[in-house]
Amino acid sequence: MKKVLRTLALATVVALLFAILGACGGTPASSTPAADPPADTPASTPAADPPADDGAAPVEITVWDIWTAPLDNNSTAWLETVIPEFEAEHPNIIVNRESTENEAYKTKFDAAQAAGTLPDVFFGWGPASARELANANMLLELDSYLDSDYMSTVQPGSLDNFTFNGKTYGLTFANWAAALYCNTELFEANNVAIPTTYDELLAAIDAFNAAGIVPIALPAQDAWTIAFFQHIMAIRYTGAANVNAMLNGEKSFNDPGIVQSAQALLDLVAAGAFDPNALASNEADISTRFRMGEFPMYFLGDWLVSGLEDPEQSSIVGKVQAINFPAVGGEFDDQILGGATDGFMVNANTANPDAAVEFVKWVTARLPQASFALGGTIPTRSNFNMADYSEGLPALSVGIAEYAANASGATLAWDTFLPEEPKALMLDMMQQLVGQQITAEDFAANLAQIIEDTGYAQY
Amino acid sequence: MEKFLRNKKAIAVFSVPALLIYIGMIFIPIGFAIYYSFIEWNGRAGAERTFIGLENFVELFTNKMDYFVPALANAGILALLSLLIQLPVALLLALAIARKTKGEGFFRSVYFIPVIISTAVLGQLWQKIYHAQYGVLNDILRAIGLESWTRGWLADPKVVLGAVFFVMIWQYIGYHMLLMYSQMKTIPRSLYEAAEIDGASGFQVATRITIPLIKPMIKVCVTFSIIGCMKTFDLVWVLTKGGPFHTTEVPTTVMFDTIMSQHRYGAGSAMAIFIMLVCLVLTLLIMKFFKAEDYEY
């Protein structure tokens, strides 16, 4: 009897082991063509661009992206349109795709770049991380693959954030833009006009405070959300071109326009624009509360749109207007905070550079069209005509896309651009500005100082 | 079978796999961390690694922007609070329930629950409790008429440290209580009976018999408590991310930010090694202080 029990126990353990090992396989979402391409059949499917490897042996490329499930416009377009179409038109390029959710992707990406195990093609946010990878010679230069035909389809300036020392290391597919989301229900209920100028914004803040409502939502624990206000005011006062020059280390941050922008943030805090306890809240919390209709205004990126339009997440569907940050009466009032920061890069050590670059070029052209058709994400294509897609799109997306497309200049969020130490100091100082613990002059001076100290300055 | 287990060679052979895993998972990464702490590196495989000797360690104390020294101070305060509040409370609770009180099993489980709840969940829970507008804490204060005491518990730099530390102390009281309680259970009843016959009061029994006999476990609790305070991360990170204005930074949150956000692997590794050394030194000091004696019954 004992022997029987022992054998049974052993068998159970072995079976469990096999089950665990099987489950732990961790197979990436590998996609193979529906049928194995015979070696001597030429590419028969008509394609917009001829496949790079014509009837040659199939090559495999590994691709890392952040779209695990069709949850929003980008992921749905990627999973349901872009990848299947690429595979159909490129039967001899086998795409081994590994998707990881956004936040987990950052960790995975960090670990891979430290270990040198990046795949052939990977998604990334330029320019801060891309710049360091380029400097470490880990990215493939793409210039030799970008002929004038290709470049004519790309929005001018949209590759700047992946261009270092005159060489291009990544391709972008979409622009993001910051928008001032206004809860029209709260505005109407309190008889406040949607602000189009900075003075009107201050008046709106006063009106909401008088009604006992916190005017602007601010997840100050995530300091980059505070920075948005200072960034857009810097654009308003001194123009995107100037700010971009400073971000590139070509000009000093110790500039009257920067001082003015920090002062504007201090003024907003003094006017009671934000919750006095904003420093205890993070972005996930505040975004949810905005969607529940708690705040009249929220200044964040266009990625909020899909959540605002989703009845399961938002109780203010159709009651939101998204506008560019109010004007100050200067020449830069149409400029935006935003730009092309999402992109794909190719590993310098890839075994199949032609296939990898072909993939990147193809998807960065196809994804934005497919994604915009589902709502939002302004493509970085110069031949993109928004009118073709505007019908059936949520008004929010169209509104943002319109003012973004007509902007005469843009800067990215500084924390995605600056090198590590200046970025850390900048974010620290943002929280100090909200706490009114630092002057605007010191903000500009300290930032300029650290840029010079870390050797990033070129002036 | 016994002959087999006593055979030293057999023991060695069977320990090798576990030993290899241990070396691979623990010692080799520590070795790498020590190596990284002597270089300057930005975490990209192809990037330059410059050897800078002990500069990273010196910078721990000279680089004010890292807030490492204030973080150490916070960890020290936390350790002190643990010794003065957490352990005594745990001891009192253990004494209270070790006397075959009614519901002994129930209280034992209830006090232990915070220990087994994931710290991330606890962080979320207390974030909601401490919320300035919707939080239960402010609601209770308003209800009992102490409106003036309400505040943004996690936003006000003056109270945030206390608020965070309260949760950390509270979480592990049950853990230390359980350790001490289990040791108390090993004390033979005959000692208590003898004391009762001699007419000792409850207080005398506790101070003259129970506490001295659980000294080895108290030593263990003190060690875990202090080391835990040096290493604590998740609760602080979920509640405040080290803010506002770096007031609630602890060494591990500074290290995490330095490596993950700022990609300064050299400085971050130096912090990690420093934390490890501090824990080692503290453990040795505690051992020396307690000079454990084993009691034979």
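**View 1. The interface between chain B and chain A in this predicted model.** About 2,400 Å² is buried between the two chains, with 49% of that coming from carbon and sulfur atoms. Buried area here is the accessible area (1.4 Å probe) that two parts lose on being put together, summed over both. In chain B, Arg44(B), Met65(B) and Phe245(B) give up the most area to chain A, together 26% of what that side buries. Counting contacts (heavy atoms within 4.5 Å), 29 residues of chain B touch 31 residues of chain A. Since this is a predicted model, local features need pLDDT of at least 70 and side-chain atom pairs count only at pLDDT 80 or more, while totals for chains, interfaces and linings use all residues. Residues are numbered from 1 along each chain as its sequence is written, chains are lettered from A and ligands numbered from 1 in the order in which they are written, and side-chain values use heavy atoms, with hydrogens and water left out.

**View 2. Strand β10(A) and its partners.** Strands (E, at least two residues) and helices (H or I, at least four) are DSSP runs, numbered from the N terminus, and two strands pair if DSSP finds at least two bridges between them. Strand β3 (residues 121–125) pairs antiparallel with β10(A) over five bridges, and Phe122(A) sits opposite Met345(A). Strand β6 (residues 170–183) is also antiparallel to β10(A), over six bridges; look for Leu171(A) opposite Phe344(A). With β12 (residues 410–411) the pairing is parallel, through two bridges, and Leu337(A) faces Thr411(A) there.

**View 3. The second largest cavity.** A cavity is a set of points, on a 1 Å grid over the protein atoms alone, where a 1.4 Å probe fits but cannot get out; lining residues have an atom within 4 Å of a point. Points are joined across faces, edges and corners, and the volume is the space filled by probe spheres set on them.

**View 4. Thr223(B) in its helix.** Thr223(B) belongs to helix α11 (residues 215–231) of chain B. Thr223(B) counts as buried because its relative accessibility is 14%. Beyond neighbours within four places in sequence, Thr223(B) contacts Thr283(B) and Ile286(B).

Methods:
1 Å grid on protein atoms, 1.4 Å probe; cavity = no way out; pocket = protein on both sides within 12 Å on 5 of 7 lines; lining within 4 Å. Buried < 20%, exposed > 50% of the residue type's maximum accessible area, 1.4 Å probe, protein only.
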